[in-house]
There are 2 protein chains.
Amino acid sequence: MGKNLVGNHIRKLRFNQDEMTQLQLADKAGVTRQTIVALEKGNYSPSLELAFRIAHVFELPLEEVFFYGDNPKQ
Amino acid sequence: MGKNLVGNHIRKLRFNQDEMTQLQLADKAGVTRQTIVALEKGNYSPSLELAFRIAHVFELPLEEVFFYGDNPKQ
DNA sequence: TATTAATGTAAAGTATTATTGACATTAAGT
DNA sequence: ACTTAATGTCAATAATACTTTACATTAATA
């Protein structure tokens, strides 16, 4: 569906929260490290299901991890 | 990624809010009617991007339209 | 009863997301 | 210098989301 309009704070959260590595996050979210890399780079937006799982790893509401457009919640 | 673990309140919201038809919602969200049908039926979960767009049509936070697992927010 | 709008269903094709495997780079520690 | 952990990247494939087209059913209304 065209270019990616969804942004995220994954990288920031990995460091802020727990010093979690890409691999640790990938494991907890049930995906491969490559998927985390691609998401951090903004290559594409995840499925809704994966977005929920990642938000759950960070124990945050989905919309504090992912945002639509170029207006992160803050 | 296996079976669909994401649920939604799309059908309910279409009626509660505006008596919006599947086609109207589809147009506003920028997808085809078949996509709305499939989502209402729970055939699959949308991309995160589409989830944001649908939530935006209803003027609701994403997590009031979509939920993970079988625990809708209420 | 003919028409129209809304909905359901199905199959084939395209686009996007995610995996797998492999190799390169950087920084830290021994 | 060597090793190891973390990250970046690339290409091929698999899996899933979405489109397109087409036809069926139901309910409302002229």
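How much area do chain B and chain A bury between them, and what part of it lies on carbon and sulfur atoms? In this predicted model, the two chains bury about 1700 Å² between them, with 67% of that area on carbon and sulfur atoms. The contact involves 20 residues of chain B and 20 residues of chain A.

Polar interactions across this interface were also counted. Four residue pairs are in polar contact between chain B and chain A, both residues of each pair being at pLDDT 80 or more. The number of salt bridges between chain B and chain A is zero. On the side of chain B that touches chain A, two elements give two or more residues, namely helix H4 (48–57) and strand E2 (66–68) of chain B. The largest share of this side comes from H4(B), which supplies five residues. Sorted by class, the side of chain B that touches chain A consists of 13 nonpolar, three polar and four charged residues.

Helix packing was then examined within each chain. Two packed helices are described by the angle between their axes and the distance between the axes. In chain B, helix H2 (residues 22–29) packs on H4(B) at an angle of about 120°, and the axes are 9 Å apart. The crossing of H2(B) and H4(B) is right-handed. From H2(B), the residues B:Leu25, B:Lys28 and B:Ala29 take part in the contact, and they meet B:Leu50, B:Arg53, B:Ile54 and B:Val57 of H4(B). This contact has five nonpolar residues and two charged residues, with no polar ones.

In chain A, helix H2 (residues 22–29) and helix H4 (residues 48–57) have axes that come within 9 Å and cross at roughly 120°. H2(A) passes H4(A) in a right-handed crossing. The residues that meet are A:Leu25, A:Lys28 and A:Ala29 in H2(A) and A:Leu50, A:Arg53, A:Ile54 and A:Val57 in H4(A). By class, the contact of H2(A) with H4(A) has five nonpolar, no polar and two charged residues.

Salt bridges were searched for in the whole structure, and six were found over all chains. In one salt bridge, the side chains of A:Arg11 and A:Glu40 meet at 2.6 Å, N to O. This pair links distant parts of the chain, 29 residues apart. A:Arg11 lies in helix H1 (residues 10–18) of chain A, whereas A:Glu40 lies in helix H3 (residues 33–41) of chain A.

Notes: Residues numbered from 1 in each chain as written. Chains lettered and ligands numbered in written order. Predicted model: local features only at pLDDT ≥ 70, side-chain atom pairs only at ≥ 80, totals over all residues. Heavy atoms only, no water. Axes fitted to C-alpha atoms, helices over the stretch in contact; angles between N-to-C directions. Helix = DSSP H or I, 4+ residues; strand = E, 2+ residues; numbered from the N terminus. Left-handed = near helix turned anticlockwise from the far one by under 90°. Contact = heavy atoms within 4.5 Å. Nonpolar A, V, L, I, M, F, W, Y, C, P; charged D, E, K, R; others polar. Buried area = accessible area lost by both parts, 1.4 Å probe. Salt bridge = Lys/Arg side-chain N within 4 Å of Asp/Glu carboxyl O. Polar contact = N/O pair within 3.5 Å; in protein donor to acceptor, adjacent residues only side chain to side chain.
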